[in-house]
Amino acid sequence: MDTQDKNQLQEARNQALYKALSERILVLDGAMGTMLQRYGFQEEDYRGDRFKDWKCPVKGNNDLLSLTQPQAIEEVHRQYLEAGADIIETNTFSGTTIAMADYHMEELVYELNYESAKIARKVCDKFTTQNPDKPRFVAGSIGPTNKTASLSPDVNDPGFRAITFDELRIAYKQQAEALLDGGSDILLVETIFDTLNAKAALFALDEISEERNIRIPIMVSGTITDASGRTLSGQTAEAFLISVSHLDLLSVGFNCALGAKQLTPYLETISSNSEFFISAYPNAGLPNSFGQYDESPEQMASQIKEYVDKNLINIVGGCCGTTPAHIKAIADLVKDYKPRKIAVIE
């Protein structure tokens with residue numbers, strides 16, 4: 001497929017996405033890590049044959065499983081689609097050279113993202129073919145990296161930075177290009193704890209959009225870290241919204257850190273101040289003393305009912321601790337509600 005055909009296909013998917021958003025609340029999938037834990041993968045499973053002699057431990061590098069256990073990644077995607085998800089996230093949360101440096105796997109970044117997107121694309125296309133009236137979409141997951149551009153990691157040197165804006169921009173651009181090449185419909189800059197990191201990602205995505213002459217639907221999702229109502233780098237929900245609103249985004253919203261109930265006031269803030277679609281995918285409650293999530297699908301859905309009763313959202317799903325059962329409960333709930341209206345829909 002040549003560049004022109006790819007661009008036409010991208011635009012056709014864009015139109016289908018905007019049409020779907022104008023008609024209903026779209027459901028995002030749930031946690032990947034929660035599901036992968038069920039497989040009980042050990043070091044040798046992460047390595048597979050290809051990386052059996054790798055020079056450092058790789059257990060915990062879930063992105064690598066797209067290469068060594070692709071059938072598991074495909075199965076997780078399939079379970080979420082069967083549960084009613086409209087949008088599937090690629091298994092690429094840590095898919096930058098910055099994060100992969102922990103495993104000395106920087107050279108694998110393009111392949112990891114490309115193959116992850118291909119897996120998600122394959123499953124989504126199968127479900128769309130089975131039911132063309134409910135098209136399924138791939139969101140290329142772009143996580144925050146494990147370094148922050150706004151804060152010093154050294155309490156004795158508050159002016160020190162472990163990463164620069166340009167280093168972040170280059171890393172994000174490489175990841176995003178691979179995600180698009182692999183078939184992503186959307187690019188999701190998620191779990192943002194430092195808005196400067198996110199702005200580097202958005203700068204990179206804007207560059208790609210200009211260079212390829214395509215419109216890229218971009219979802220931006222921040223993280224309110226605690227009851228202070230601020231991101232880790234100190235921004236309120238409204239300040240976060242203002243900081244990322246310079247681009248024509250598909251959606252803006254919040255995920256992770258908090259449960260559905262705790263997230264409501266921050267969604268109210270951005271919903272009343274934004275002309276973008278609004279997304280929310282909270283955790284299954286707050287973690288218990290063992291770091292696990294106890295909130296049942298029914299409990300989570302009952303709290304998300306407040307979002308739809310107040311007409312706050314256009315896209316909703318789950319983050320840490322959520323499973324296909326949680327997503328099914330959410331999908332069953334929101335199918336009876338109209339999506340939040342925005343000022344302009346292209």
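**A parallel sheet, its helices and its aromatic pairs**

Strands β2 and β3 (residues 137-142) pair in the parallel sense over three bridges. Strands here are DSSP runs of E with at least two residues, helices are runs of H or I with at least four, and both are numbered from the N terminus; two strands pair if DSSP finds at least two bridges between them. In general, strands of a sheet pair through backbone hydrogen bonds, either parallel or antiparallel.

The model is predicted, so local features need pLDDT of at least 70 and side-chain atom pairs count only at pLDDT 80 or more, whereas totals for chains, interfaces and linings use all residues. Residues are numbered from 1 along each chain as its sequence is written, and side-chain values use heavy atoms, with hydrogens and water left out.

The whole sheet is open and consists of eight strands in the order β1-β8-β7-β6-β5-β4-β3-β2, with parallel pairing. Because β1 (26-27) and β2 (87-89) stand at the edges and each has a single partner strand, one side of each lacks a neighbour in the sheet. Helix α12 (residues 297-309) packs on the sheet and touches β7 (277-283) and β8 (315-316), where contact means heavy atoms within 4.5 Å. The direction of α12 makes about 155° with that of β7; axes are lines fitted to C-alpha atoms, for helices over the stretch in contact, and angles run from 0 to 180 degrees between N-to-C directions.

Attention now turns to the aromatic rings. The structure holds seven aromatic pairs. Rings of Phe, Tyr and Trp (its six-membered ring) pair if their centres lie within 6.5 Å; planes under 30 degrees apart count as stacked, over 60 as edge-to-face and the rest as tilted. Y39 and F41 are stacked, at 5.1 Å centre to centre and 10° between the planes. F41 is buried at 12% relative accessible area, while Y39 is partly exposed at 35%; buried means under 20%, exposed over 50% and partly exposed in between (1.4 Å probe, protein chains only). Together with Y46, Y39 and F41 form one aromatic cluster.

Y110 and Y114 are also a stacked pair, because their ring centres are 5.9 Å apart and their planes lie at 15°. These two residues are four apart in helix α7 (residues 109-130), and therefore separated by about one helical turn.

Helix α7 also contains S116, which is buried at 1% relative accessibility. Among the residues that S116 touches are S66 and T90.

Notes. Lists of a residue's contacts leave out its neighbours within four places in sequence.
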